[in-house]
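Here is a short tour for anyone opening this model for the first time. Have the sequence and the 3D view side by side, and let's look around together.

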Amino acid sequence: MSASSSSNACKLLLLGRCLRAILLSVGIQFLLLTVFLLSVNFQLLHPLAWVTGTLGLVASWYTWFASIPLLGAVVLYGVSLCQQHLSERPYCPTRYRWLLHYGPRKLLFLSAHILVGFLTAWLYTGYLHTDYQHLRYKCYGQDCVSAYHVYLLGMGITAGSYYFASVHMRQEVSIEFPIVEQSRGERLRELLYASLARSLLRSLLPAISYTIVFWLIGPLVCRKLSHFLSVDLDERLDGFFGVATNVRLLFYGWLLTAQILSNMHLMRSFYGMLLSEDIPLVVAKQRAAFVQEQEVTVVAGLGVFNVYVVQCLAAHYLYKLALRKDSTQRTEIFQLTEPGNRPANWRALCDQCLSILGSFTEELTESLQKISVLKGAQSLPVPPKTIESTNASLMAEKLLLRQYNQMHGIRPIVLPTQETGVERPADGIRHVPNWCERVSTQIEGVFQRLLKRVPGIVYFFNEQEGAKAAYLLTNSLPVVYISQALAQVCVASLKEDRYGVVQNDLAAIIKALNKLQGELQKLGSVIGSLRAPSTTFNVLHCAVRRSLYNICNSFGDYLGDLLPPGEEVNQLQDLIYQE
């Protein structure tokens, strides 16, 4: 199967999971509505009527029709999440490039957040008291703008915007693989309980902040709406005490914010939970005639570079496969294929993993060269002792040759010419300074300095220091799993590799991991001064160091045979003794 067909097959599989996540998101709306109604209509003395009345409201025709706009917004939210999970993640060196690539997508996502928050508040207010339900209500026999309704609608918009700014503004969506394997039902139950409990505390800050803002500008907004609708003004929330003493309104606003934050967190977690489930991969394709052509190998999954989720799933599958003892799938890695008795499975897997590790290390090395602290340490001037000694030896040799010729009366074939004032380089070509080039260089430097003084030019069009390193660390999850999987396969080869297919590549694997560890050590010296995720760096560094230690500890007696004697062997032996 080609790379494009493998990518399409994996995308089709993940698209089905995204559709199931959208269905879960639609279903959770009714559960959250039930929780909200149970909290609002609490009746201690009549529990049966409390529960049956709430369930009757949720199952009513009004709820099914009134929730259609909210469900449409939820579907739009889910489509935006699906597009972000399955799209390519290119590196944007400047903020201007980031705005061009991610700006429209982020704007659409922000609109989905605001729409979900607004429609959630609109739907929930329909179940409250009469003066909360509609924008216009009867007060003293006249139509008035309901300040309570305006407050709750604004609270919904604020909650949606707050969640977007705190979670999705500068960060891309990601998936997390569980440490302990659980069934889907157990994960759903644990996720639901944790989300509802956490949102109650997390909603305090946006609810209080919005209340303060509404106290300042809320009367002005209500006045504009009353003029626009040609109705009277509602003055119940004028002044600080009018807002602060309305305990029921503050409770409704806080509970509504908690519901919206919990709703968005659950929808986001549904995608992460379903997309992190294992995809059906194989080590080697079967040659039987009845086998489907859509069978995807681990190597093909690792080669899907344009979909980050697929590469993470393939790397995680390889890591879990490498940890399984006495597994038939792991033994397929060391098997010889027919015809030819060649280690095709190991050859393809090793080449793909080393290619990923090598390209990651090269990009990390290039990014470190752009960091001023490391660049200054690498560009220190080398003492010109070698050059001076070479020039002195050449002059001494010419002097001795001239003395020998004069002593024996040997005349030179070419008469010596007078030295000119122009210095000649080693290649013998006379270079005359070009004043046009010098002037143009100076003008270009002045123009660049003037541009840097214009506000916003440097901010939008200059690459941030360490931005490429931060980008690599953010997308380093496949490297974490690949490095550990390679180490486990190499360790297992001592007992399971009957043909010795891994031995020829041990030196290349050790060198690749050691080189990556060296670059990570350089990055670790300046990680505190960069806007890079320190947690991700620690995970990657520990994974590479652990992998290197496992290989060196298992093959410690053969390091001298695998690698040429030198500083690298001494470093690896020191690593074994340190651990």
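Which members of the largest nonpolar core touch the most other members? In this predicted model, they are Y77, L302, W346 and L523, out of 144 residues in that core. From there, we can move on to a hairpin and a pocket.

- Leaving aside residues up to four places away in sequence, L302 touches Q311, A314, A315, L318, L349, Q352, C353, I356 and I482.

- Strand β2 (residues 142–145) runs antiparallel to β1, and four bridges join the two.
- One of the pairings to look for is R136, whose bridge partner in β2 is V145.
- Two residues lie between the strands of this hairpin, and Y140 takes a positive phi near 55°.

**The second largest pocket**
- The volume of the second largest pocket is about 770 Å³.
- The lining has 23 residues, and those closest to the pocket centre are E176, R187, L191, H265 and S269.
- Two elements, α8 (184–202) and α11 (247–275), each give two or more residues to the lining.
- Helix α8 provides the largest share of this lining, with eight residues.
- By type, the lining of the second largest pocket holds nine nonpolar, eight polar and six charged residues.

Conventions. Residues are numbered from 1 along each chain as its sequence is written. This is a predicted model: local features need pLDDT of at least 70, side-chain atom pairs count only at pLDDT 80 or more; totals for chains, interfaces and linings use all residues. Side-chain values use heavy atoms; hydrogens and water are left out. Two strands pair if DSSP finds at least two bridges between them. On a 1 Å grid over the protein atoms alone, a cavity is a set of points where a 1.4 Å probe fits but cannot get out, and a pocket is an open set with protein on both sides within 12 Å along at least five of seven lines; lining residues have an atom within 4 Å of a point. Grid points are joined across faces, edges and corners, and a volume is the space filled by probe spheres set on the points. Ala, Val, Leu, Ile, Met, Phe, Trp, Tyr, Cys and Pro count as nonpolar, Asp, Glu, Lys and Arg as charged, and the others, Gly among them, as polar. A nonpolar core is a set of buried Ala, Val, Leu, Ile, Met, Phe, Trp, Tyr and Cys residues joined through side-chain atoms within 4.5 Å. Buried means under 20% relative accessible area, exposed over 50%, partly exposed in between (1.4 Å probe, protein chains only). Contact means heavy atoms within 4.5 Å.
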